[in-house]
Amino acid sequence: MPTPLDRSTTWPYENGELGAFSYSRFSSPTVAEAERALGDLDGGEALLFASGTAAALTVALALLGPGETVALAEGAYYGTGVLLRELSRWGLRHVEFDQTGKAPRDADLVWLEAPSNPFLTMPDFEAAASHPAPVLCDATAATPVHLRPLERGCDLVLHSATKFLAGHEDVLLGAVVCREAATAERLRELRGRTGAVAAPDVAWLLLRSLPTLELRVARQTESARIIAERLRGHPKVTVVRYPGFGGLLSFDVSDADAARRVETGTRLVANMTSLGGVVTRIEARSRWEGDRVPPGLLRLSVGLEDPEDLWADLTTALEAA
Ligand code: PLP
């Protein structure tokens, strides 16, 4: 049975006392239900935010202060670095490190990404878990289908639920899943103060999407494996990055002009940003990330179309590379 959508912003006090729900900036029944469902998938206490970025901001503001340092996985989602740079105006510092090894000892929060977007590296979870600071893993691209970071020694999991979790290109949503109830409580408190909470409609859309998550991700993985393998044998492709699971991969062609010709040369594969949806999309990441990525790097998020149709489309476009 689908969960009913409750759009109320307020609920009556119970005999003059605060009940479970009072004002929707703090929480609401549909948001709480979606949090329960996601918490079950990741094995912790989940909180929903207005976007993945709002989730990341709330973690930084709630758990860190001026003069403290985040050790951020090199090659992680470029927007996380942009956000942390913005917060440097308030005295928060960050350093990048190679997440396949150890994080700098003096970090106050270790920020992993599994797999990193768009470089597709995987963290060394054992090394991270032995760090004295709390460890966060952005598992947007892995999803709980492939990875449960709390079982690998992490303290927090972050998702841009905009991507695979919601999966239909119609939801902007973020989530943090906490190992400790006290951490969840602190995040909940700050979320209420900043108003970074998710809306009930969006939480309801997540509830619609979660029952098909495993099916979607299995199909995306199956197709992405086929495409990654064929790309590896293609004469116009110099590098393929794929961790062996999930729907996200990246590959390089010779230069920026070739990448432009490929991304604009597909018909079935959309030339759009984002990832994790039912529609396969490709884009040259240098338009967003500049020289942080090779000029010929193309990021491909594999959707639910027939992999043979996708490959035929990609090979046609690659001929022009
Ligand atoms: N984390 C990763 C790995 C992402 O790819 C993104 C967005 O692309 C985000 C976080 C930010 O999420 P949102 O766009 O929902 O704010």
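Helices (H or I, at least four residues) and strands (E, at least two) are DSSP runs, numbered from the N terminus. The legends describe a predicted model, in which local features need pLDDT of at least 70, side-chain atom pairs count only at pLDDT 80 or more, and totals for chains, interfaces and linings use all residues. Residues are numbered from 1 along each chain as its sequence is written, and side-chain values use heavy atoms, with hydrogens and water left out.

View 1. The loop between strand 4 (109-113) and helix 4 (125-129) holds P115, and P118 is found in the loop between strand 4 and helix 4. The bond that joins A114 and P115 is a cis peptide bond with omega of about -20°. The bond between N117 and P118 is likewise cis, with omega of about 15°.

**View 2. Backbone of T143 in helix 5.** T143 lies in helix 5 (residues 143-146). Although T143 is not a glycine, its phi is positive, at about 65°.

**View 3. Crossing of helix 1 and helix 7.** Two packed helices are described by the angle between their axes and the distance between the axes. Axes here are lines fitted to C-alpha atoms, for helices over the stretch in contact, and angles run from 0 to 180 degrees between N-to-C directions. The axes of helix 1 (residues 29-42) and helix 7 (residues 200-209) come within 8 Å and cross at roughly 35°. The crossing is left-handed, meaning that the near helix is turned anticlockwise from the far one by less than a right angle (right-handed if clockwise). T30, V31, E33, A34 and A37 of helix 1 meet P200, A203, W204, L206 and L207 of helix 7, contact being heavy atoms within 4.5 Å. The residues of this contact comprise eight nonpolar, one polar and one charged; Ala, Val, Leu, Ile, Met, Phe, Trp, Tyr, Cys and Pro count as nonpolar, Asp, Glu, Lys and Arg as charged, and the others, Gly among them, as polar.

**View 4. Packing of helix 8 and helix 11.** Helix 8 (residues 213-232) packs with helix 11 (residues 307-319) at an angle of about 35°, their axes being 10 Å apart. Helix 8 passes helix 11 in a right-handed crossing. Among the residues that meet are R219, I226 and R230 in helix 8, and E308, W311 and L314 in helix 11. By class, this contact has eight nonpolar, one polar and three charged residues.

View 5. The domain assignment gives domain 1 (29-212) and domain 2 (213-319), with bounds from an automatic or database assignment. Their C-alpha centres lie 25 Å apart. The contact takes 28 residues from domain 1 and 31 residues from domain 2. One salt bridge is counted between the domains, the term denoting a side-chain nitrogen of Lys or Arg within 4 Å of a carboxyl oxygen of Asp or Glu.
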